[in-house]
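Q: Please take a close look at the ligand site in this structure. What surrounds the ligand, and where does it sit?

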Amino acid sequence: MQKTDVILVGAGPAALFAVFELGLLGLKAYIIDILDRPGGQCTELYPDKPIYDIPAAPVMTGDKLIEQLMVQIKPFAPEFHLCEMATRLDPLETGSWRVETDHGTVIEAPVVVIAGGPGSFQPKKPPITGIDDYKGTSVFYAVRDKEIFRNKHVVIAGGGDSALDWTIELQPLAAQLSLIHHREGFRAVENSVNQMRALVDAGKMNFHIGKIDHLSGAEGKLSSVTVQPKDGELFDITCDALLPFFGLTMKLGPIAEFGLNLHENRIPVDTEKFETNRPGIFAIGDICDYPGKLKLILSGFHEATLMAHAAFHLARPDQKLKFQHTSASSSLQEKLGVK
Ligand code: FAD
């Protein structure tokens with residue numbers, strides 16, 4: 001069990017800026033996100049798209065915005081729990097809260113901030129009979145530790161960036177790697193597709209155009225996948241690990257079970273503190289709901305700032321909060337490591 005000042009559920013832009021504002025007030029944050037990297041919608045849905053309405057940044061891509069936020073919060077060294085879904089939120093007798101993840105992580109804090117956007121990104125499952133029997137043992141929708149694929153017969157299915165990135169990343173480790181995609185063309189960046197094709201030409205991996213027809217194995221362990229090629233007869237590929245990358249959907253997920261009031265899948269908050277109906281639980285960014293709410297990145301930044309000031313009083317009840325400007329306060333500049 002770990003303890004911190006503030007637990008953030010979600011690692012989108014609102015949560016990242018919250019780390020900065022909390023850090024200025026001397027509060028330590030832990031961040032949980034089901035994705036394997038921070039950035040929420042910006043990195044997952046539009047990394048290369050230019051954004052034009054970030055104050056004082058006339059144009060900036062989704063990826064660049066997150067990269068800059070990560071630089072900005074570096075002095076506060078937040079603890080990231082990526083590839084983990086926050087599944088439970090329970091009150092403690094002390095007035096604090098306990099958050100648990102599907103990975104077995106348990107964190108306690110006086111303040112929890114829900115910054116979950118439209119909900120958790122969850123992998124789209126391919127319609128293959130019995131695939132759930134192998135989930136977590138032979139079928140993986142994300143890579144937490146690539147070492148588990150060393151010397152294994154790996155099959156990757158899909159034609160987007162994740163499928164191609166992991167093909168290139170895992171090929172040197174795997175005993176054998178096969179990529180299966182239903183057509184010749186890919187949705188991934190050209191450079192990755194070219195790298196994959198070069199590996200195929202060099203005889204280092206296989207690429208098949210077709211669909212997975214069925215799986216074979218026992219007791220959660222896959223032994224082979226059977227492929228229906230675009231042209232021709234079914235064939236088998238020896239397989240210890242199957243990684244289907246068919247994109248992500250967004251679902252509110254476990255947040256719906258956190259005992260918070262919901263209005264059209266969003267969490268009503270006040271506009272002074274951005275606190276929910278449960279004291280000590282705040283909601284910021286796209287997931288919060290109040291009159292006039294706009295689902296914009298800059299709204300999330302404002303909400304994060306006011307939330308942080310309210311959170312301070314819960315996390316440090318015996319201390320006074322002194323309002324300071326970063327341009328003028330030497331103590332804030334020390335925290336930022338610029339003095
Ligand atoms: P998100 O970015 O949605 O991040 C939420 C994170 O929480 C996700 O990573 C999710 O996986 C995680 N999460 C949820 N539940 C759980 C859980 N239980 N456990 C673990 N993790 C969880 N806004 C602008 O201001 N300007 C623009 O130009 C602009 N362009 C856009 C273009 C597109 C195509 C889209 C889709 C959106 C655009 N937006 C734009 C909106 C902007 O991206 C959102 O307002 C912003 O991302 C919201 O940030 P957030 O931090 O609230 O949530």
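A: In this predicted model, a nitrogen atom of the ligand lies 2.8 Å from an N or O atom in the side chain of Asp-53. The backbone takes part too. A polar backbone atom of Ala-86 is 2.9 Å from a ligand nitrogen. Ser-120 brings a backbone N or O atom to 3.4 Å from a nitrogen atom of the ligand. The ligand alone exposes 1000 Å², and the protein buries 87% of that.

Next, the shell. The ligand is surrounded by 32 residues. Asp-33, Gln-41, Tyr-46, Asp-53 and Asp-286 are the closest. By class, 18 residues of the shell are nonpolar, 9 are polar and 5 are charged.

H2 gives the most, with 3 residues.

The second largest pocket has a volume of about 540 Å³. It is lined by 38 residues, and Gly-12, Gln-41, Ala-115, Gly-116 and Gly-117 are the closest to its centre. H1, S3, H2, S11 and helix H6 (297-315) each give two or more residues to this lining. The lining has 23 nonpolar, 10 polar and 5 charged residues.

Technical notes. Residues numbered from 1 in each chain as written. Predicted model: local features only at pLDDT ≥ 70, side-chain atom pairs only at ≥ 80, totals over all residues. Heavy atoms only, no water. Near = heavy atom within 4 Å. Polar contact = N/O pair within 3.5 Å; in protein donor to acceptor, adjacent residues only side chain to side chain. Areas by Shrake-Rupley, 256 points an atom, 1.4 Å probe, with all protein chains shown as cover. Helix = DSSP H or I, 4+ residues; strand = E, 2+ residues; numbered from the N terminus. Nonpolar A, V, L, I, M, F, W, Y, C, P; charged D, E, K, R; others polar. 1 Å grid on protein atoms, 1.4 Å probe; cavity = no way out; pocket = protein on both sides within 12 Å on 5 of 7 lines; lining within 4 Å. Points joined across faces, edges and corners; volume = space filled by probe spheres on them.
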